[in-house]
Structures are given as structure tokens and as C-alpha cells.
Amino acid sequence: MKKLILLSIIVIMMFKVFGQETEKYQELYRPQVHFSPKEHWLNDPNGMVYYNGTYHLFYQYYPGGINWGPMHWGHATSKDLMHWKELPIALYPDSLGYIFSGSAVVDVDNTSGFGSKGKPPIVAIFTHHDPKAERAGRNDFQNQSIAYSLDEGNTWVKYRGNPVLKNPGIRDFRDPKVMWYARQKKWIMTLATLDHITFYSSPNLKDWKKESEFGKHLGAHGGVWECPDLFPLTFEGKTYWVLVVNLNPGGPNGGSATQYFVGDFDGSTFMPLNKDSKWADYGPDEYAGITWSNTGKRKIFLGWMSNWEYAGQLPTEKWRNAMTLPRELSLTKINGELILVSNIVRELDAIALKPVVSKAALSINQPEFKFEQKLPGQFKMKFSLDKLTTHTLKFQNDAGEQILIGYDDEKKHYFIDRTKSGVVNFNPNFAKIVYAPRLAITSNSDIELVFDYSSVELFADNGLSVMSCLFFPHQPFTHLTLVNNKGIILKNLEIVPLKSIWK
């Protein structure tokens, strides 16, 4: 009898503990298929590294509330890029300052000397931001430092010789993204330096020398350059280099956004093929996007799903901000120009359920066609068109709120209209229509949408035109109407519910 009572108590306690954990991810507006912290403030993804079957995601984190504060590195891990386990804070502020953005690498050859034979260290490279020096009016308050882990990222030791790269007097001197340049057996640091990029090299992650600068008079310059990334991608058997530069403000739809350049890199200098910047995501709510290191030829990109215009005002209570879904990057050529392509990683299929709509072809000749099936809380929608024409997908809820997604054939752009999407009055820049130009030149098209409780990600033309967009409805959008005045045939139509990653 005592054993039965004890077992009952244990079961009740476990239910309470795990029930409370589950409840933490069920709040109003809580993303169900995107990573967000259990509580408190989150911004830029940091230190993204893959090692021994585990994806590590570090991120800018303030454990003192849901507004930006002294930055730490939060930490989460995943085996499949979908389900995340939140771990204790990895890096805390110290006498050198807050822990701003950066990257992490697996030092396979132990060039740093932190590891031992057969046990390479993971080394984090980050910006130390000294708030006291900033308040004093100095320009050298941001410096680059390192930390290392000998237990696969679980615990970290800061290097005693920090900072390893001191500020030469540039006010914005931050966000180091480091990679191994095998051809010359050296580490390359891509660093955001005010309105351009500066490249540094090192044999050991401790001693750095300046290689070159890029971008003072190229690309978009509506704001400060931040969170860069440099990596190779292969197209038609040839290797090209992609330089990602996040910009705040100055994005195509206002506020912060991610631009990129395609070119060549010789271990010292980046040479762009085209001097105009392009955008990895035209939506208002993808920023600070970078790629995981140590993933081989596969380049997986993740961004912060928010915008500095209103990130601190979003109507959430326990936590604030989330990440985009991970995306796999590739290159294609349009009119002789190389374009970066983004598509949702294949791992999304692991949380896909049986489709609620699945049709080889659906011919619609009426101006407004209402789907009978009720939409699930979070889902993926896909369809293709032999001829892309003007159309609008109207997603609505029973509260009369709606979000409109579609294409305007006359203006040759995709759009997302969130002006009536729910709570929009927390910032004057939130309620608006956002646009993405159609980059494809074919008459046919394919569209993929991923809906979560408070966001949608649009991937058009096999990932050529991409938009990420937040919204805050009082109820999920469960009704779908297709508006089209000329008739339209949707092919390979699927609406697939997605399992919550938290349950």
C-alpha cells in the first residue's frame, strides 16, 4: 500500500512538473514549430555549430525580463533542427562587458591548444561590449574575445588573454563569424565594422591580423552593418562565395533585414560579381541570419524572427521573440546572375501529419472560393501553377481578423497584408503591406507557406522570393478563401498540419 501511495505521489509530481513545462509553451501567440525561449528576451542567433550529431544554437538572451538588457548567450540543442532542448546559459557578462553576437567552430586540429589529441575543443568567438566605456563616450567599447568548451558545448571557459582582437577605434566593431579556410590553413574572421566588413585571419584563433575591407560604397547602407557571414556554395561544379550582411535599418520593407553578395574569396579579399545588394528575405521579420558551422557542404541558415522597429513592443507576456525555421541555402542563375535560394530544411517532414487537403488539381472559376476544410493551428501549404496570375489567399478567423497573401501580376511582386491581422497598434510601423519582387522568369510557379500561431514564411518559385512575417491574431486563422478574377488551377495542392515541437 505504501509503495502504491509513493508511486502515486511520484506520478502526480511528474505530471505537475512536465505539465508546467508544457504549459509554458501554450501561451497566447506562442510559436509551436519555431524555437522560442521558455521565458524572457531573445534576439540574434549566435555560435551556431554542429558537432557529433547535435545542432547547437546560442542566442542573444536577457534572463532579467522580456525587454533587451545586459546580453548573455542562451543555449539550446537539437538532433533534428525541429525539436529543441533549452540548456543553462552558456556565457555571462563579465568585467569586459556584455556578451554580444558571434560564432563557434570545432577546432579539429587543435590550433588553439585548448584541446588534446582526439578531443578537439569547440571555440566560441564573440564581441565583448563594454557599457561603461560606451557611456564614457569612447569608440573602442567593442572587442572580440573567445571561450572554449571541452565537453561538447555544455560548459565554457573564457580565455584569460581576452580580448584577442582589440578595437582600433571603430564605434561598431562586432559580430565575428569565423570559419576555417583550408586552402591556406588559417581561420578567417568576417567582422562588421560600422558601414562595411573587415576580414581578419589567424593561425590559432588567438592572434589576428587584418586582411582587407569590403563594402564601404557597395550594397545597401540605410543603417549599420551587422552579423555577417561568409561561406562557399557550389553551382554547376564551380565554387562561389556568399557574403551575408545584416543591415539595421534600411531593409526593403523597413527596419532590419538580411542582404547578401555573391563573389569570390581568395583567403584575403572578397570580390563581388555584382555590386548591387540582394535580399535573402524580403519580409519584415527575418534578421541577423547566419549559417551553422561544421555542416560540410550543406549550408543551413537561421534568422531572428523579428524587426528592431518593434521587437521590444510585441504583445507577448512571458517571452519575447523567436527564430525563423532553419533554411537550406543554394545558388541558381537568373538572367545570367547568381541568386541565393532559401528553402525550408527537409527535417520539417518529421513533424508533418496527414494532409487535410490533398488534390492533384483544383480548378477554380469563381471570384471567391471558400475551402470547406478548417485549417489546423500550424500547417504547411503547397501548390503549383502552370501560369502564375494575380491571386490572393485570404486567411481568416472567427474574430474577423485576416492576413492576405498573394501575387500581383501587373506589379510582378508577391505580397503579405497584415493590416487587419489582429493586434497591430503596438507600433505604427507594424500594420502594413509588405512586398517581394518576383525574381523568377518562368510562367509557372510553385508556392510554399509555413503558418505558425503568430507567423508565416513564404517561399515562392522554389525559394527565390522569400518573406517572413509576424502577426498577432486573437484566434488562429482557420478559414481560407482564394480570390481570383480570371480563374486559376492549383496543382499538387496540399495543406499539411504540423505537430507542435513542444508536446
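The model on display is predicted.

Next, colour strand β31, which covers residues 445–452 and contains Val450. Then show the residues around this position. Setting aside neighbours within four places in sequence, Val450 is in contact with Leu325, Ile344, Leu348, Phe379, Lys380, Ser455, Val456, Glu457 and Leu498.

**The nonpolar cores**

In soluble globular proteins, nonpolar side chains tend to be buried together. Which residues have the most contacts inside the largest nonpolar core? Select Met381, Phe395, Leu449, Phe451 and Leu490; these hold that position in a core of 55 residues. Now centre the view on Leu490. Residues up to four places away in sequence not counted, Leu490 touches Ala360, Ala361, Leu362, Ile364, Phe371, Phe383, Ser384, Leu385 and Leu482. Another core, of 38 residues, lies apart from the largest one.

**The largest pocket**

Move on to Met179, Trp180, Pro232, Gly296 and Lys299, the lining residues that lie nearest the centre of the largest pocket. The space in this pocket is about 840 Å³, and 34 residues line it. By type, the lining divides into 17 nonpolar, nine polar and eight charged residues.

Strand β13 gives the largest share, six residues.

**The second largest pocket**

Finally, select Trp68, Phe100, Arg174, Glu226 and Trp308, which lie nearest the centre of the second largest pocket among its 20 lining residues. Two or more residues of this lining come from each of β1 (40–51), β5, β9 and β13. As for volume, about 350 Å³ of space lies in the second largest pocket. Its lining is made up of seven nonpolar, six polar and seven charged residues.

Keep β13 highlighted at this last stop: the largest share of the lining of the second largest pocket, three residues, comes from this strand.

Key
Residues are numbered from 1 along each chain as its sequence is written. This is a predicted model: local features need pLDDT of at least 70, side-chain atom pairs count only at pLDDT 80 or more; totals for chains, interfaces and linings use all residues. Side-chain values use heavy atoms; hydrogens and water are left out. Helices (H or I, at least four residues) and strands (E, at least two) are DSSP runs, numbered from the N terminus. Contact means heavy atoms within 4.5 Å. On a 1 Å grid over the protein atoms alone, a cavity is a set of points where a 1.4 Å probe fits but cannot get out, and a pocket is an open set with protein on both sides within 12 Å along at least five of seven lines; lining residues have an atom within 4 Å of a point. Grid points are joined across faces, edges and corners, and a volume is the space filled by probe spheres set on the points. Ala, Val, Leu, Ile, Met, Phe, Trp, Tyr, Cys and Pro count as nonpolar, Asp, Glu, Lys and Arg as charged, and the others, Gly among them, as polar. A nonpolar core is a set of buried Ala, Val, Leu, Ile, Met, Phe, Trp, Tyr and Cys residues joined through side-chain atoms within 4.5 Å. Buried means under 20% relative accessible area, exposed over 50%, partly exposed in between (1.4 Å probe, protein chains only).
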